[in-house]
Amino acid sequence: FFSAGLTWLDQGWLDDCSTFDFKASSIFLRCFLHASLRLHGRTCLLCTIKLREDKARLHFLRTIKLREDKARLHFTGMGYTTEFRGSFRLSSPLSLVQRQFLSKFAYTRRMKRDAERTAKRDDPVREAVGLPVGEEGAYFVGEEGFMGQVWGDRGALGIVCYNTPPAGQPSLWCQWVPTEDGSGIEWEEDGSGIEWDGGEKFYYYVEWIEYIIKHFLGPWGLVLDGQVSWQGEDESDIGIIIVEDNVVRVEESTEMGETK
């Protein structure tokens, strides 16, 4: 294998490593070819890329598996706890009605609705902030009752499905709320400091902050920045949500607030 590698190299077959197919070769062959290339002052980028792809694939599969486990626990009613630390800061403070709307949006259960029927219902906070009722009543926050949960004839109130969120919303509950001074968005601590309050579990927290930026903050001309770290019950479920100029990304971390 080593001699073959040198022969191919001398004949110019490996001038462009990206055209060489290592897929059918064994790990043993890869190692020797890589060594022969390094002896000639060259680096086999394909091997490095392959290793990075393998690592990314494993991380992706682990993330999918973790999400499946969370969803299974949620479905069975057992729940999955995640703790958060930090907050996101806005380019300028929210207005009073904007704060009221985002607070009510997080307080009320997100339910799929008949938009036409829902638009006829009283919803003063949403109207004050200048938002339509939204697709499947996505922006409606005028529901009465505890946490906006309705008992009785839900159909008469325009509720199509009690356990399905409107189109585009990742789950039934959003728990990102304005900070007390209205200058940012934070995890809903509900008076319990940096600890989770033991109430409803927060799922799809990355998707929810993206939703808030796309549907509310961006159209209002506001820019969000900052970092929030999380730690789930699974010790490997740890990372940081980073928002820069309304763009969201996620990084792995070894401890809450510390990136790899």
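Predicted model: local features only at pLDDT ≥ 70, side-chain atom pairs only at ≥ 80, totals over all residues.
**Helix 4 against helix 7**

From helix 4, I found F101, L102 and F105; they meet W208, Y211, I212, F216 and L217 of helix 7. I sorted the residues of this contact by type and got 8 nonpolar, no polar and no charged.

I then checked the geometry of the pair. The axes of helix 4 and helix 7 (residues 205-217) come within 13 Å, and they cross at roughly 140 degrees. I noted the crossing of helix 4 and helix 7 as right-handed.

**R109**

I moved on to R109, which sits in the loop between helix 4 (96-107) and strand 2 (112-113). Leaving out residues up to four places away in sequence, I listed what R109 touches: M147, G148, Q149, Y162, N163, L172 and W173.

**E116**

I placed E116 in helix 5, which covers residues 115-118. The relative accessible area of E116 is 60%, so I recorded E116 as exposed, the limit being over 50%. I also took one distance from E116: V133 is 17 residues apart from E116 in sequence, and the two are 8.6 Å apart in space, C-alpha to C-alpha.

How values were computed:
Residues numbered from 1 in each chain as written. Heavy atoms only, no water. Helix = DSSP H or I, 4+ residues; strand = E, 2+ residues; numbered from the N terminus. Buried < 20%, exposed > 50% of the residue type's maximum accessible area, 1.4 Å probe, protein only. Contact = heavy atoms within 4.5 Å. Axes fitted to C-alpha atoms, helices over the stretch in contact; angles between N-to-C directions. Left-handed = near helix turned anticlockwise from the far one by under 90°. Nonpolar A, V, L, I, M, F, W, Y, C, P; charged D, E, K, R; others polar.
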